[in-house]
Amino acid sequence: MLTFSRSFTEHRFEPATPSDRRSPCPALNALANHGYLPRDGKDIGLWQLIQALHAVYNLSYPLAALLAIAGILFCGHALCLDLDALAMHNRIEHDASMVHANTLPGHSNAPTLVDPKLLHSFLAEADVHKGLGLEDLARVRIFRESRLSRPLDVVHSEVGMGEAGLCWLLLKGKNGRIPISTLSQWFGEERIPAGWLRPREEIGLLEARETANEVAAIMKHIKKW
């Protein structure tokens, strides 16, 4: 298996072409844009997906396996996954995304291209010097969900909080905040940010669950006020 430092220098960023398939997930799109997953986004195998999540983002094998199996179970075919299949509405994908527009009425798939207006409003939540903290991510989730005509169901609300928590765990610096440049490159360009360092400690199931619960608690506290 390639070490992260070696693969990082070898895997040059190449934006997706019109024929490539991409998802509403910046983490997976970045892996494909850097060649850790097939650049065309097609027929990604289960073990291939698990290995990429572990090697690049330092997710524990149990957490990486859980995410990969869920993706293939709900959106895949024959133990493989095409990235655009993750856009199927209300499978794993949900409305009130950070930087993607909601699924249009009558459409079965969500947009996979980043919405510039949503990206701009998302980045505006970050402090210019300090970046974005977990509380800021919770605030964005509240705002996004408040704009829905119908609330998210319990499952997809949990998914949204889990995504916010995992984003923070993956991208935060030593000060516990995510720099604007990191957010812009990861969410906006769907690339591994320049200067970003792979988490030193493996991110496991328990830590991911606890962070999602923390997002939920922050959201509840903010809503009270």
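## The second largest pocket

The second largest pocket holds about 460 Å³ of space. This is a predicted model, so treat what follows as a description of that model. Among the 18 residues lining this pocket, K172, G173, L197, P199 and R200 sit nearest its centre. Helix α7 gives the largest share of the lining, with 3 residues. By class, the lining splits into 8 nonpolar, 3 polar and 7 charged residues.

## The largest pocket

Now for the largest pocket, which has about 1,300 Å³ of space. It's lined by 50 residues, and L67, I92, V159, G162 and E163 are the closest to its centre. The largest share of the lining comes from α7 here too, at 11 residues, and α2, α3, α4, α7, α8 and α9 each put in at least two. The lining counts 35 nonpolar, 8 polar and 7 charged residues.

## The nonpolar core

The largest nonpolar core has 56 residues, and the members that touch the most others are L31, Y57, L59, F122, L137, W186 and F187. Several helices give two or more residues to it, including α3 (46–57), α5 (116–123), α6 (134–146) and α8 (180–188). Once again α7 turns up with the largest share, 8 residues.

Take F187 as a close-up: leaving out residues up to four places away in sequence, F187 touches P26, M98, V99, V114, L119, F122, C167 and L171.

## A buried asparagine

N29 belongs to helix α2, which covers residues 26–33. With a relative accessible area of 0%, N29 counts as buried. Beyond its neighbours within four places in sequence, N29 is in contact with R22, S23, L83 and E190.

How values were computed
Residues are numbered from 1 along each chain as its sequence is written. This is a predicted model: local features need pLDDT of at least 70, side-chain atom pairs count only at pLDDT 80 or more; totals for chains, interfaces and linings use all residues. Side-chain values use heavy atoms; hydrogens and water are left out. Helices (H or I, at least four residues) and strands (E, at least two) are DSSP runs, numbered from the N terminus. Buried means under 20% relative accessible area, exposed over 50%, partly exposed in between (1.4 Å probe, protein chains only). Contact means heavy atoms within 4.5 Å. A nonpolar core is a set of buried Ala, Val, Leu, Ile, Met, Phe, Trp, Tyr and Cys residues joined through side-chain atoms within 4.5 Å. On a 1 Å grid over the protein atoms alone, a cavity is a set of points where a 1.4 Å probe fits but cannot get out, and a pocket is an open set with protein on both sides within 12 Å along at least five of seven lines; lining residues have an atom within 4 Å of a point. Grid points are joined across faces, edges and corners, and a volume is the space filled by probe spheres set on the points. Ala, Val, Leu, Ile, Met, Phe, Trp, Tyr, Cys and Pro count as nonpolar, Asp, Glu, Lys and Arg as charged, and the others, Gly among them, as polar.
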